Amino acid sequence: MAPNHFLSEPTRMYDLGPEAVAKITALNEDKAKMFAGVPGWMVFSVKTEHLDENGGISAKLALEDHATVACAAQNFMQSLAEDGVGTKWMTGALGVDPTEIMKIAGAPEDEKMIGVIWYGMPAKPLSDITAPKRKISVDDALTKVA
């Protein structure tokens with residue numbers, strides 16, 4: 001249900017199984033213990049149709065597609081949270097080149113990784129978990145314009 005410009009439907013998802021996770025782990029053995037503790041791995045990627053006249057990606061429309069995938073990932077995380085499933089959005093902290101993750105997922109070369117969502121049942125209920133303190137409040141982020 002994520003909004004998407006011109007109904008381009010740029011969201012792609014890959015549910016990684018144990019073999020794929022083992023291949024990712026082999027690319028960063030330093031994180032093997034952390035990776036082993038994650039029950040589910042879902043890769044979100046963007047496939048854009050919005051090319052410019054030279055075959056390059058139109059920056060504005062590609063940004064729209066990226067936003068769509070981010071919304072879809074957040075929707076996925078919210079849906080799992082409603083069922084008590086914990087999630088964590090990972091990118092650079094994986095310590096693995098995103099292009100390698102996409103190869104392991106079997107994604108076409110024209111897709112770009114947006115993030116990996118880790119998911120699973122938390123050790124304690126989500127209702128017992130406190131969100132980290134924000135650096136700025138909603139009032140700090142919100143500008144009211146007359």
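How do the residues of the lining of the largest pocket divide into nonpolar, polar and charged?

## The largest pocket

There are six nonpolar residues, four polar ones and one charged one in that lining. Keep in mind as you look around that this is a predicted model. The space inside the largest pocket comes to about 200 Å³.

Who sits around it? The lining is made up of Gly37, Val38, Pro39, Gly86, Thr87, Lys88, Trp118, Tyr119, Gly120, Met121 and Pro122. Strands β3 (86-90) and β4 (112-120) are the elements that each put two or more residues into this lining.

## The second largest pocket

Around it you'll find Gln74, Met77, Gln78, Ala81, Val85, Gly86, Thr87, Lys88 and Leu126. Here the elements giving two or more residues are α3 (59-82) and β3, and α3 gives the most, with four residues.

Sorted by type, this second lining has four nonpolar residues, four polar ones and one charged one.

## Helix α4 and its buried side

Now take a look at helix α4, which covers residues 98-105 and has Ile101, Met102 and Ala105 as its buried residues. Viewed down the axis of α4, those buried residues fall within an arc of 100°, so they line one face of the helix.

What lies over them? The cover for the buried residues of α4 includes β1 (11-16), α1 (18-27), β2 (40-46) and β4. Just past the end of α4 comes Gly106, with a positive phi of about 80°.

## Two salt bridges

Side chains with opposite charges can pair up when their charged atoms come close. Searching the whole structure turns up two salt bridges. One joins Lys47 to Asp110, with 2.5 Å between the closest N and O atoms. Lys47 is in the loop between β2 and α3, while Asp110 is in the loop between α4 and β4, so this pair ties together parts that are 63 residues apart in sequence. Lys47 is partly exposed at 25% relative accessibility, and Asp110 is also partly exposed, at 42%.

The other salt bridge links Glu100 and Lys103, whose closest N and O atoms are 3.3 Å apart. Both residues belong to helix α4 and sit three residues apart, about one turn of the helix. Glu100 is partly exposed at 27%, whereas Lys103 counts as exposed at 58%.

How values were computed: Residues numbered from 1 in each chain as written. Predicted model: local features only at pLDDT ≥ 70, side-chain atom pairs only at ≥ 80, totals over all residues. Heavy atoms only, no water. 1 Å grid on protein atoms, 1.4 Å probe; cavity = no way out; pocket = protein on both sides within 12 Å on 5 of 7 lines; lining within 4 Å. Points joined across faces, edges and corners; volume = space filled by probe spheres on them. Nonpolar A, V, L, I, M, F, W, Y, C, P; charged D, E, K, R; others polar. Buried < 20%, exposed > 50% of the residue type's maximum accessible area, 1.4 Å probe, protein only. Arc of directions from axis to C-beta. Contact = heavy atoms within 4.5 Å. Salt bridge = Lys/Arg side-chain N within 4 Å of Asp/Glu carboxyl O.
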